[in-house]
Each structure stands twice: as C-alpha cells, then as structure tokens.
Amino acid sequence: MAAQRAKATVRRASPHSRAPSFLKPLLGLRSILVLVLSFMILLFRWTRDDPIGLYHHVGNYVNWDARREQVKSAFITSWDAYSANAWGNDRYHPVSGRGSQMSPNGLGWIIVDSLDTIMLMNLTNRIDEPRKWLHRSLSYNQDQDVNTFETTIRMLGGLLSAHYLSTKLPHAASRRDSVYLAKAVELADRLLPAYESRSGIPYASVHLSKAKGIRSHADGGSSSTAEASTLQLEMKYLSYLTGNDTYWRKAERAMKVLDDNRARDGLVPIFVHPESGRFTSQEIRLGSRGDSYYGLKYLVKQYLQTSGGEPVYLEMWEEALEGIQKHLITNTKHSGLKFVAELPQGIGGPMSPKMDHLVCFLPGLIALGATRGHTLSKARTWPSWDDKKEGQIQLAKDLMKTCWGMYAVTETGLAPEIAWFHADEGDLRAAPGDRSLVPTKNSLAAWKKDYIIKPLDAHNLQRPETVESLFMMWRITEDPVYREWGWKIFKAFEKHTKVGDKKGYTSVNDVNTVPPPFRDNMESFWLAETLKYLYLLFSPTDFIPLTEVVFNTEAHILPVIVAKWQTRWSRSGQ
C-alpha cells in the first residue's frame, strides 16, 4: 500500500499529469524542439571550430563553371586595368593607377607573363594587342642586367608557353604566332652568357646588350641553388623546338655540378658558387632560395617532361623527398599539423619552426611525383604502387592542410608571406623522421594557437603556391575539398584585394587587419599563376591534363616531349 501511495504522489507531482489532455502532444513537441535546438547549437559550434568545412560534401552539386567564370572575370578586370593605366610597363600599381619600368624600354614583364593565361581563358579579343606589342615594341638589345632565373621562368617560359598553346588551342592561333618562338630564341641567346662560369653554374644575372654574365652582388658572389637548377624545362623545350642542343646542354650541366657535391640525403644548401660549383653555405630550406630545386619543379618535372627518358632526375627526386621526410617534417604543439621546418645550420642542427608560403608548392608536387599526373585511383592499380607511395600521398594531404591553415587562421582569409609555428622543443630536435609524429587535430581553435604571424611577415603578395597545390591535389585525389578551399581563397582575394574604380587587384600589407592596407602593386604572377591555377581548379579535369604537360615555376605550360638527346651525365660513384 505504501508503494502504491508513493507512485500516486509521483503521478500527481508530474506536470504532464496536471496538464489538460489536449496539451500533452504540445509538451512532447517542446521536448523534441529543445533536443533539435541543442543539436543545432552543438553543430554550429562544431562547424565554427572545423577548419575543413562541410560544403565539399556537396561538391557534385556546385556550379563550378560559374565559379570558373568569376575567376576569368577577375583576370579581365586585372588585365583591362593594366592595359588602360600602364600598357607596356613592367610593373602596375593599381592604387595610384600607374606603371613603372624595370629597364629603359621595358621587358614586357606583365605582357609576356600573361600571354598563356589569356589563351587558356579563350580571351581572343585580348590577345591581338600583346602579339602586336611583341612584334613592334619588344627588344632585348637593352643596356640592362637582368636576373637569369626570373627572366628565364617568366619571359622565356611565357614565350614558349604561348608558342605551345598557339599550336594546341585553335582559338589562340593566328598567322603572326611565329613571333613567340622568334623572341624566345633571341632572349635565350642573350641569356647563354650566364652559363659561361668555370663550373657551368649560371651567374645570378646577365647583361642583355653586353652579353655578359654577372655574379651576385651579395652572398659572396654565390648563385642561389634554386635559381641555378630552375632553368632546365625552358632550355630543353627550346632545344627540342629548334634542334639546337646548346640550350639543353648548358642547362643540363648545372644539374651535374650540383649533384657532384654529393649532398647528404639529397638535401642541398641554398647557395652555390658559380666558379667552383661548390656549396657555400650549410643552410637548408625549401622556401626562398631553395624551393625550385626540389619542386618548382625541376627534379621530378624534368623526368616527366621527357616522358621518363631521363630517370636520373626521378632518382634525385626520390632521394631528396626521403631526405625531406627524415630531416624537415615535424609537427606543431597544439594541433599536430605537419610542417616543413628549416635547418639554418644544416643537417644535424636544430630545426627552425618557420615555413614560407613558397613551400606550399610541395603538397601538389609530392602527389604529382607519386602518380606521375594520373589520378590516385588509377595509380593505386599499378603493380609498382606500394606503402611508400601511399605514405607520400598522406604526407601531401597533411602538408596541404597546413598550407590551407595559413589562410584559415587569419582575419582576412589570406595567407601571410611567412608562418612560424608553436612546436615543442623535442619536436625541433634533429632527424624528426626517426620518431613518431602525433595525429593532426582538426580544430580551428587549436590551429590558431599553433600559427605565429609576425608583423614583418604578415603581407600577402598574391602568391600562387597554395592554389597550385590545390589544383594538383584535386586533379590527382579527386577530393572536392581542395576545390572548396580554393574557392574560399578566391573569395578572400575578391573581398580584400580588389581596388575600386576598376583598377584591378593589389597585394596587401597585413592579413590580420580588416580591411588590410594596400601595397599598391600587382604582381605579374597574379595573372600568370594565381588566377590561372584557380581557373584550372574549377575547370573540367580533361582540360590541360597533367599527363600531357608540365608547368614551369611561373605556371607556364610546356608539353611532355620525347627527348631527342640522351642525358650526358651520370651520378658520381653510381
């Protein structure tokens, strides 16, 4: 009886028992609404802290053609602003609406760098004027010294790419297209004196009219290792087109000299002297002065360019990649993000937790080297595919996430020029590849604790390296998350770098200030690389297939060829 009275008391105390019968369904509905609201709040908090995003899950339903057209529109705005305010000038300053020159009569720095992007985007009404300018105004007989590397990748590469695409894309062709190859030969001949050092390592600069190589005025006269080893794709293709192997042999010689140094684990220091051919520093990094040797892009890409006909470069790439994994890859303190550190004192010395945005070429390159430009799903069917290749793909994904993080953690959604990282002292000890790295935590709050952006490094120069890797990672893995990240980056450029009055787009001074202060300069690689890679990222996958072309350091497109000449050197002691 006591138990029955207790149950009755509970029933009487229940609010539902006191409520009229017609309200009971509403009370049940209220409970459901509370649960749904609680779930939505938790989901909102989770998505705000999720740096990966959700929209890629519906990537098949996105109108990528419309997004590609928006990228084209950004290019048109930039190009038309340059044409209206600075035509024929090497530099364009969008805020002040003026141009400036790098030489007495101009080198066509922006015009030549933009040619192949104009062709890719089928802007036929905007190709005639640049072509006429090349015919009528461009001369390399100028009293001017130029950087060997920059002139090769931007100007020679741009002319050769325009030549190739004019034969590949019907809408880009005209009867005057011979000018591209003619100007390429003229320029290359004026660059050849840069290779006349005792060792064959090219001088840092060359005087155009005097036909004389010039040592660097800094660094004890040394040349940048990256620059010395980033001339080969252009010179080899020019030899292929002309039948003159001089260009090929000059550029090839530099690779032999570098390799004869027998760098430990394939990791080369950042400076080499053009007379001795010996390295003049111990510092190893994949950012400025070191990037192009490893990827932008001339070890694995030389192998790909000649249809696998020069396996020595694949061997060098594999060795260097193993060295990178062993000595340079470590993780952050709070989120376990993987990043590429620097070795200021060389192998065996402490690691510096610094990573240039320039290093973000690496994820795409690793994936390209592992699959040779094929999709990952196809590459995994090859008998040669193994755990080592699978590990390379995972590393590419991990580093791609870190590069995306450079954008995700800032106030503007734009990346700084350089990022530093919080890392435990133990994780900065030598040889991180000999110990286990912690798993990555996908938390934006944790990521923000790990990235350090110093005031002097906070500028954004409209660089392309991250979107380049996003393009390659999308083509290879077919994961739409990379397209979605690229779209977010493009929207950040649209929001924060666009100058009013249709003056185009500019680099900015501080990615953590909204709005960011303008620098009043539009980099030529904004047109040549950044917008090109974004356009290709949103294009159909059969447009410019990775198995048929190689991209030079400036994103200029050169075809895969069958080599007419054999490699004239082999590795010392092998």
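Visitor: Okay, buried means under 20% relative accessible area, exposed means over 50%, and partly exposed is what falls in between. Where does Lys 498 land on that scale?

Guide: This is a predicted model, by the way. Lys 498 comes out at 39% relative accessibility, which makes it partly exposed.

Visitor: Which residue does Lys 498 form a salt bridge with?

Guide: That's Glu 494, with the closest N and O atoms 4.0 Å apart. Glu 494 is partly exposed too, at a relative accessible area of 25%.

Visitor: How many salt bridges turn up in the whole structure?

Guide: A search of the whole structure finds 32. One of them joins Lys 236 and Glu 310, where the closest N and O atoms are 2.8 Å apart.

Visitor: What does the pair of Lys 236 and Glu 310 tie together?

Guide: Lys 236 is in helix H10, residues 232–242, while Glu 310 is in the loop between helix H13 (300–305) and helix H14 (311–327), so the bridge ties together parts that are 74 residues apart in sequence.

Visitor: And is that Lys 236 buried or exposed?

Guide: Buried, with 0% relative accessibility. Glu 310 is buried as well, at a relative accessible area of 0%.

Visitor: Which residues are linked in a network of salt bridges?

Guide: Asp 245, Arg 249, Glu 252 and Arg 568 are. Within that group, the side chains of Arg 249 and Asp 245 meet at 3.7 Å, N to O. Arg 249 is buried, with 14% relative accessible area, whereas Asp 245 is partly exposed at 22%.

Visitor: Where does Lys 301 sit, and what is it in contact with?

Guide: Lys 301 is in helix H13. Leaving aside neighbours within four places in sequence, Lys 301 is in contact with Leu 233, Leu 365, Leu 368, Met 472, Val 550 and Phe 551.

Visitor: Switching to helices. How do the axes of H8 and H10 cross?

Guide: At roughly 120°, and the axes come within 11 Å. The two helices are therefore oblique to each other. H8, residues 178–191, passes H10 in a left-handed crossing.

Visitor: Which residues meet where H8 and H10 come together?

Guide: From H8 you've got Leu 181, Ala 184, Val 185 and Ala 188, and they meet Leu 238, Leu 241 and Thr 242 in H10.

Visitor: What about the backbone? Where is there a cis peptide bond?

Guide: Between Val 514 and Pro 515, with omega at about -5°. Pro 515 is in the loop between strand S14 (504–505) and helix H21 (524–537).

Visitor: What's the phi of Ala 211?

Guide: Positive, about 50°, although Ala 211 isn't a glycine. Ala 211 lies in the loop between strand S4 (205–207) and strand S5 (212–214), and at 46% relative accessibility it counts as partly exposed.

Visitor: And what is phi near in Arg 372?

Guide: Near 60°, again a positive value in a residue other than glycine. You'll find Arg 372 in the loop between helix H15 (362–371) and helix H16 (376–379). Arg 372 is partly exposed, at 41% relative accessibility.

Definitions and conventions:
Residues numbered from 1 in each chain as written. Predicted model: local features only at pLDDT ≥ 70, side-chain atom pairs only at ≥ 80, totals over all residues. Heavy atoms only, no water. Helix = DSSP H or I, 4+ residues; strand = E, 2+ residues; numbered from the N terminus. Buried < 20%, exposed > 50% of the residue type's maximum accessible area, 1.4 Å probe, protein only. Contact = heavy atoms within 4.5 Å. Axes fitted to C-alpha atoms, helices over the stretch in contact; angles between N-to-C directions. Parallel < 35°, antiparallel > 145°, perpendicular 65-115°, else oblique. Left-handed = near helix turned anticlockwise from the far one by under 90°.
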